[in-house]
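Work through the exercises below with the model open in a viewer. Try each task before reading its solution.

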Amino acid sequence: MTTLDAGTLDPCQEDSTAAPWEYVASWIIYGPLVIFWIAMGLRYRDFAIATLANPHIPTGGLCGESKSGILSQFPTSESTWVAPWQVFTTGQDSMRRAADAMERLDLSFPVVLKPDIGCKGAGVRLIRTQDRLSETLALYPDNIPVMIQHFIPYEGEAGIFYSRLPNEDIGQILSMTFKSSPFVVGNGVSTLHELILDHPRAGTVPHVYLPRLTGRLDEVPSPGEVVPLVFTGNHSKGSLFRDATHLITPALTKRIDAILRKLPDFHHGRVDLRFASVEALREGRQFQIIEVNGIGSEPIHMWASGTTLASIWRTQFRFYGRAFRIGALMRQRGFRSKGAFDMLRQWRRQSALIAQYPSSD
């Protein structure tokens, strides 16, 4: 917890009331997408053809892919753009393996610890101390691959959705979304639990925020003390999103395209990164990539304040429709999908792993 100028911390805070559809049952959000996917599979005579948009990533990044498996495809020349990371497996010696990884990467606390296979921020934690690292690793069963990564100190975080048709010379950024954490500001009287319930957003969906702060809810933050309510930059975990597509520039597009062209046959997906300032980001500098996600990554501008349920459906149809189109073009180049049953197998494996992860921050 820190004492800051709250007005500079969260650009989404002033328009942060949760819409009534934001946390409805997932079938309402994704049910129409399933129908759309079936229709596209029938049209292209292959229910898994969209996975060919990124043929060197399992399922094209729809599900079950390894975060490190994607990042490891970057050549050394691009390493300055990616936050340093190392993967190790949990188990009896996991603290030693974590310490070895931090030493190899020359990392100090805080660091980010997250599962190597997962989605929507499952299990992601900001680790500030060795005790917290030990406590978190103890929550995992044995033999789970986890990634330890440098915590990028930049305040800004963004999700940039990139797409390139196989016959295009340069890709395009279809959307850019800024992420931020809602926060409460202490008054020296109210408990953290009371502040959350009084928050214009958190108070309408307390089940999203309260579990992450169990054990601290009776604390009374001092006057002016800012308490972020979530670390993980994912909507389902409580982060706030602001559509920044209008801030995309040719310089940023050129930089992102140059970086992602270093991944073999990567055509469609989202880059999550942290950046020093909006001005620097628009100039294509002073940012570091946290993750690269494939076709399963959401165009997260659809979760920005003011969007409607109908617009969410349209956005999903547009972005997944483009993945099918790219996959069809890659099929013409000789690539073949592994079929729908492979997608199902990878999804079931991912779901089984996520069920074993600790809660995210």
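This is a predicted model: local features need pLDDT of at least 70, side-chain atom pairs count only at pLDDT 80 or more; totals for chains, interfaces and linings use all residues.

**Exercise 1.** Count the aromatic pairs, then classify Phe36 with Phe317.

Solution. The rule gives 8 aromatic pairs. Phe36 and Phe317 are one of them, with centres 4.8 Å apart and 20° between the planes. That pair is stacked. Now place the partners. Phe36 is in helix H2 (residues 26–44) and Phe317 in helix H10 (residues 309–332), so the pair ties together parts 281 residues apart in sequence. Helices here are DSSP runs of H or I with at least four residues, strands are runs of E with at least two, and both are numbered from the N terminus. Next, check burial. Buried means under 20% relative accessible area, exposed over 50%, and partly exposed in between (1.4 Å probe, protein chains only). Phe36 has 17% relative accessibility, so Phe36 counts as buried. Phe317 has 28%, so Phe317 counts as partly exposed.

**Exercise 2.** Classify the pair Phe178 and Phe275, and locate both residues.

Solution. The ring centres of Phe178 and Phe275 are 5.2 Å apart and the planes meet at 40°, so this pair is tilted. Phe178 belongs to strand E7 (residues 172–180) and Phe275 to strand E11 (residues 268–275). The pair links distant parts of the chain, 97 residues apart. Phe178 is buried, with a relative accessible area of 5%. Phe275 is also buried, at 5%.

**Exercise 3.** Describe the surroundings of Thr232.

Solution. Locate the residue first. Thr232 lies in the loop between strand E9 (225–228) and strand E10 (240–243). Its relative accessibility is 4%, so Thr232 counts as buried. Then list contacts, meaning heavy atoms within 4.5 Å. Leaving aside neighbours within four places in sequence, Thr232 touches Gly121, Val124, Lys237, Ser239, Ser360 and Asp361. Take Gly121: it is 111 residues from Thr232 in sequence, yet the C-alpha atoms are 5.9 Å apart.

**Exercise 4.** Is Gly327 buried or exposed, and what is it in contact with?

Solution. Gly327 is found in helix H10. Its relative accessible area is 0%, so Gly327 is buried. Beyond neighbours within four places in sequence, its contacts are Ile49, Leu52 and Ala53. Ala83 gives another distance to check: it is 244 residues from Gly327 along the chain, with 29 Å between the C-alpha atoms.

**Exercise 5.** Summarise the whole protein.

Solution. Count the elements: 11 helices and 12 strands. The radius of gyration is 20 Å, close to the 21 Å of the globule rule for 361 residues, so the protein is as compact as a globular protein of that length. The radius is taken over C-alpha atoms, and the rule is 2.2 Å times the number of residues to the power 0.38. The C-alpha trace spans about 65 × 45 × 40 Å along its principal axes. Buried residues make up 53% of the 361.

Conventions: Residues are numbered from 1 along each chain as its sequence is written. Side-chain values use heavy atoms; hydrogens and water are left out. Rings of Phe, Tyr and Trp (its six-membered ring) pair if their centres lie within 6.5 Å; planes under 30 degrees apart count as stacked, over 60 as edge-to-face and the rest as tilted.
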